[in-house]
Amino acid sequence: MKKKQWQGWGPNEHAEQHYLIQPRALAGGGDVRHVSEFLRASGWRDKSKAGGPLFLESPDRTVRIAYDPCVLPGGWTIHGKATGHQDEWWVNLGRQTPVEIVAGLSDALTRPRSAHAPDVWAPLQEQHWHTRPDAGRYTATSPDETSWLQFRQAPGGDAMWWSGANDQQGNGWTAQFTATTPMHLVQAFSSALASPEPVMRPRGRVPHSAQIRTTSVSVLPSQLSAWQQARITAARATTWARNSVRTNRPRTTARPHAHTGGAQARR
């Protein structure tokens, strides 16, 4: 196990031990606020009830995200309504899905779609995942064989995306996507799943797994807060900029002409 020490410690703070974990898919669930606070800062409505599960709704009310760890199997549910040319879709992610991977998908819900056609497999191939076609299936597996993403086509025509991770100790999670899930969201998920960047967990929250690599780091509480706030601030800035563009967009139709002698418009 490696050990690092962060520079710039303040005189009134005490560093706390955390661990950088690789591969990220086996890091455990993490702090759900990594997902929820970003969405709130992006204008999503918090519709959670006191003492109940997390429940968030997109500004246009077309997508809902819920997290409930108290039911079996528990975890994340993302539901998109049918709109225009988009069919209804669902995503279910297990309770131990790392929040950084969940955020790969949920963050993408706050951004406009790219003009480029999505390629779900490209992020995996860039990280040297092994791909193989089979009868009715196409599967990509991580080099250490702990994670996978698969597209299944059943003989009856039903299809779905299936993903997950597991180790030899039985730790892990699975995720399911309906075939109607927008492809750019599946690609955002696959990018987060395949990312080689480690994720951080505090002491006592590191899974007991022979398949993970850990690096011990000493982190100040103010550093953690600053990193978390930077993510929230970025979401707020993007939301403000997007709303400003909409507000300042020139009108395409002329306003009705108000006669000089008519009644004044109400304020």
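Is the crossing of α1 and α2 left-handed or right-handed? In this predicted model, the crossing of α1 and α2 comes out right-handed. Helix α1 covers residues 33-41 and helix α2 covers residues 99-108. Their axes sit 9 Å apart, and the packing angle is about 25°. Angles under 35 degrees count as roughly parallel, and α1 and α2 are therefore roughly parallel to each other.

As for who touches whom, α1 brings H34, V35, F38 and L39 to the contact, while α2 answers with V99, E100, V102, A103, S106 and D107. Burial in α1 takes in V35, F38 and L39, along with S36 and A41. V35, F38 and L39 also turn up in the contact with α2. Just past the end of α1, the backbone does something worth a look: G43 adopts a positive phi of about 95°.

Over to the strands. Strand β6 (residues 75-80) and strand β7 (residues 89-94) run antiparallel, with six bridges joining them. Within this pairing, T77 lies opposite N92 of β7. Strand β7 is also joined to strand β12 (residues 172-178), again in antiparallel fashion, this time through three bridges. Here L93 has A175 in β12 as its bridge partner.

Notes: Residues numbered from 1 in each chain as written. Predicted model: local features only at pLDDT ≥ 70, side-chain atom pairs only at ≥ 80, totals over all residues. Heavy atoms only, no water. Axes fitted to C-alpha atoms, helices over the stretch in contact; angles between N-to-C directions. Helix = DSSP H or I, 4+ residues; strand = E, 2+ residues; numbered from the N terminus. Parallel < 35°, antiparallel > 145°, perpendicular 65-115°, else oblique. Left-handed = near helix turned anticlockwise from the far one by under 90°. Contact = heavy atoms within 4.5 Å. Buried < 20%, exposed > 50% of the residue type's maximum accessible area, 1.4 Å probe, protein only. Pairing = 2+ DSSP bridges.
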